[in-house]
Amino acid sequence: MNLKDNLLFTFLILFVFQFSSGQNGLNSFLTPADTLNLKRQNRVVVAEELLASAALVGLNQLWYADYASSKFHFFNDNEEWLQMDKAGHAYSSYQMGRFSAEALKWSGASHKKQLYGAGAGFVFLTAVEVMDGFSSEWGFSVGDVIANASGTALYVSQELLWKEQRIQPKFSFHRTQFAKYRPNVLGSSFSEEILKDYNGQTYWLSVNLHSFAKDSRIPKWLNLAVGYGADGMITGNGENSDLLLLPKSEKYRQFYLSFDLDLTKIPTKSHFLKTFFSVFNSLKIPAPTLEYSGNEGFRAHIFYF
């Protein structure tokens, strides 16, 4: 992490500290309503619609405007990036849906309406996919839509079955050597690499152990996580690196087993902390990890992120 990243991280910590110092009034605001609060519900719906609309307009102006438009067409990218992008779609759809459902829960909306809200991730990401379909550079990917649907289905099915999220997708990232070879594709800064460099991304399914053994003495916050990643990817679809004047690299999948925390299970009466924990529960904490790959076999990490 360079100096700029350290300063940004320090600013974030200071912001959270200052924000939490005014918890008394904030706690009251963040406390979920016991019954339907129409004013809150309307605010949630309007805010989500405005954010989604602004994001789509921004994408159109800042991203798609740089490429020629075309007739709507499909594009099969299922073999690219060892399906890491599909894992990202499922994760994003789940988390966006979860935040939407929890916002509706805060407003006192019924469980049924919360489940409708959980579809927000699928709707938004599918709208982005339609925009891809009209871009000559990309195309509408059925594989992406299936991944979006799987993320939403994971949230909704658990709510219907258990009325709680026992299995949660999470994300972690570390910097790799590959971004410097194709910074326009894999990112030219830390913030870009988090989004673009699939080599450094790991997607997890974090399982809360106590929720499957409620009479046990297993701590309620202890999770076991299985992860998926990939490495050696300078190009997406395996084109010859020599033609692109890039170093040769062998692409391979990675599988992980690690411990994790369910931050939402940490006891606290502070609704500020509950909200804080809920947001950051989308990230996998660094922990001892066992890795397996066909390229290197088993490896142990004291801390992996």
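Predicted model: local features only at pLDDT ≥ 70, side-chain atom pairs only at ≥ 80, totals over all residues.

User: Which residue of β2 is the bridge partner of Lys-170?

Analyst: That's Trp-204. Pro-169 has a bridge partner in β2 as well, namely Leu-205.

User: And what holds strands together in general?

Analyst: Strands of a sheet pair through backbone hydrogen bonds, and the pairing can be parallel or antiparallel.

User: OK, zooming out. What's the strand order in the open sheet?

Analyst: It goes β1-β2-β3-β4-β5-β6, six strands with antiparallel pairing. β1 and β6 (297-304) each have a single partner strand, so they stand at the edges and one side of each has no neighbour in the sheet. From one strand to the next, the twist averages 25 degrees.

User: Is β1 mostly enclosed or left open by the rest of the structure?

Analyst: Largely enclosed, because six of its seven residues are buried.

User: Switching to helices. At what angle do α4 and α6 pack?

Analyst: About 135 degrees, and their axes are 6 Å apart. That angle makes α4 oblique to α6. On the α4 side, the contact includes His-89, Met-96 and Ser-100, while Phe-122, Phe-124 and Leu-125 are among the α6 residues taking part.

User: How many residues does α6 have?

Analyst: α6 has 14 residues, and from first C-alpha to last it reaches 20 Å, close to the 20 Å expected at 1.5 Å a residue. Its buried residues include Phe-124, Leu-125, Val-128 and Met-131. What do the buried ones pack against? Three helices: α3 (38-62), α4 and α7.

User: You just mentioned α7. Where is it, and how far does it reach?

Analyst: α7 covers residues 142-161, which is 20 residues, and reaches 28 Å from its first C-alpha to its last. That is close to the 28 Å expected at 1.5 Å a residue.

User: Which α7 residues are buried?

Analyst: Among them are Val-145, Ala-147, Asn-148, Thr-152 and Tyr-155. The buried residues of α7 pack against α4 (84-106), α5 (111-117), α6 (120-133) and the strand β1 (167-173).

User: And what comes just after α7?

Analyst: There you'll find Lys-163, with a positive phi of about 60 degrees.

User: Last topic: what's the average pLDDT?

Analyst: The protein averages 88, and 89% of the residues score at least 70.

User: Where does pLDDT stay under 50?

Analyst: Over residues 1-23. For that stretch, the model has 11 contacts beyond four places in sequence.

Note on methods: Residues numbered from 1 in each chain as written. Heavy atoms only, no water. Helix = DSSP H or I, 4+ residues; strand = E, 2+ residues; numbered from the N terminus. Expected span 1.5 Å × (residues − 1). Buried < 20%, exposed > 50% of the residue type's maximum accessible area, 1.4 Å probe, protein only. Contact = heavy atoms within 4.5 Å. pLDDT = per-residue confidence, 0-100. Pairing = 2+ DSSP bridges. Axes fitted to C-alpha atoms, helices over the stretch in contact; angles between N-to-C directions. Parallel < 35°, antiparallel > 145°, perpendicular 65-115°, else oblique.
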